[in-house]
Amino acid sequence: MDKIIKEIEKELRKNIDPEYKESVKRFFKKEDIEKAKEEGYSKSYGVRTPMFRKISVKYFKAIRDCSKIEIFDLCRELLESGYGEERGIAFDWAYRLKEYYEPSDFGIFKSWLEKYVHSWGSCDSLCTGAFGEFIFQFPEFITEVKKWTKSKNRWFRRASAVIMIYSIRRKRKLKTILQIADKLLLDEDDLVQKGYGWMLKEASNNYPEEVFNYVMKNKKEMPRTALRYAIEKLSPELRSEAMKKDL
């Protein structure tokens, strides 16, 4: 198994793009960069997403006959590296195991969210993929997800919304996403605001009237950032109405 990890690292290093490596910094807020460096989780080889995804697919074929436990152990090794590309591969591999998810996996995914997610990019990668699929399969854990809206950890709060995008894209859980939006409505963190705004935007693809009504009901309190995200895919007429300032 160690050989696979070393081969992945070697191939990633062969595909470094210096210009892209510099641009990866956008995934971190300025105040988080120094902390990220100190704790060793802001590292990036500088490999563009399409390339590391090809690498992910290539090496998953080499381990696909391993047990879920063995693959999760490999995922953890990749996550421990602190490199964004290896984290992306780990989250991709976890999603590819979706047919074998069971309730006990909640603890594994939650621990990954707590230990290895330190940017909006990694939060969204985990929550719109493996963790979102898990919640779709086991909605009984939504009660626990709702508790994250009160977490001191901004990534748990963002995750409480983003994790529901997987379900809402499949026309499920509209009531739940509106409840989560209620809980996050006044959150002062712009990354959380963008997270629940994005969740509402995804809901508007299939439920434009419900999202419009929600925005109109809450627009006096909803931060402008969240509102703009939420109405982005509504019709021009509804967007214009939602953006009107109350006299």
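Mentor: Helices here are DSSP runs of H or I with at least four residues, and they are numbered from the N terminus. Please keep in mind throughout that this is a predicted model.

Trainee: Where is the place of Lys171?

Mentor: Phi of Lys171 is near 60°, which is a positive value in a residue other than glycine. Lys171 is also exposed, with a relative accessible area of 55%, and this value lies over the 50% cut-off for that word. As for its place, Lys171 belongs to the loop that runs between helix 12 (165-168) and helix 13 (174-184).

Trainee: Is Lys173 buried, partly exposed or exposed?

Mentor: Lys173 lies in the loop between helix 12 and helix 13, and although Lys173 is not a glycine, it has a positive phi of about 70°. A residue is buried under 20% relative accessible area and exposed over 50%, with partly exposed in between. Because its relative accessibility is 35%, Lys173 counts as partly exposed.

Trainee: In the contact of helix 11 with helix 14, how many residues are nonpolar?

Mentor: The residues that helix 11 brings to this contact include Trp155, Ala161 and Val162, while those from helix 14 include Leu191, Tyr196 and Met199. In the contact as a whole, one residue is polar and four are charged, and the number of nonpolar residues is eight.

Trainee: What is the relative accessible area of Phe131?

Mentor: Phe131 is one of the residues with the most contacts inside the largest nonpolar core, and its place is in helix 9 (residues 130-137). Not counting residues up to four places away in sequence, Phe131 touches Phe106, Phe109, Lys110, Leu113, Leu126, Trp148 and Ile163. Phe131 is buried, and its relative accessible area is 0%.

Trainee: Which residues does Leu79 touch, not counting residues up to four places away in sequence?

Mentor: Leu79 is found in helix 5 (residues 68-80), and at a relative accessible area of 5% Leu79 is buried. Although Leu79 and Val117 are 38 residues apart along the chain, their C-alpha atoms are separated by 9.6 Å. With residues up to four places away in sequence left out, Leu79 touches Arg87, Ala90, Phe91, Trp112 and Tyr116.

Trainee: Is Gln193 buried or exposed?

Mentor: Gln193 is found in helix 14, where the residues that Gln193 touches, beyond those up to four places away in sequence, are Asp187, Glu188, Pro223, Thr225 and Ala226. Residues under 20% relative accessible area are called buried. Because its relative accessibility is 8%, Gln193 counts as buried.

Trainee: Around the axis of helix 16, what arc do the buried residues cover?

Mentor: The buried residues of helix 16 (residues 224-231) are Ala226, Leu227, Ala230 and Ile231. They are on the same side of helix 16, because around the axis they cover an arc of only 115°.

Trainee: Which helices are included in what covers the buried residues of helix 16?

Mentor: One residue to look at is Ala226, which is among the buried residues of helix 16 and is in contact with Tyr196. What covers these buried residues includes helix 14, helix 15 (208-218) and helix 17 (236-243).

Notes. Residues numbered from 1 in each chain as written. Predicted model: local features only at pLDDT ≥ 70, side-chain atom pairs only at ≥ 80, totals over all residues. Heavy atoms only, no water. Contact = heavy atoms within 4.5 Å. Helix = DSSP H or I, 4+ residues; strand = E, 2+ residues; numbered from the N terminus. Nonpolar A, V, L, I, M, F, W, Y, C, P; charged D, E, K, R; others polar. Buried < 20%, exposed > 50% of the residue type's maximum accessible area, 1.4 Å probe, protein only. Arc of directions from axis to C-beta. Core = buried A, V, L, I, M, F, W, Y, C linked by side-chain atoms within 4.5 Å.
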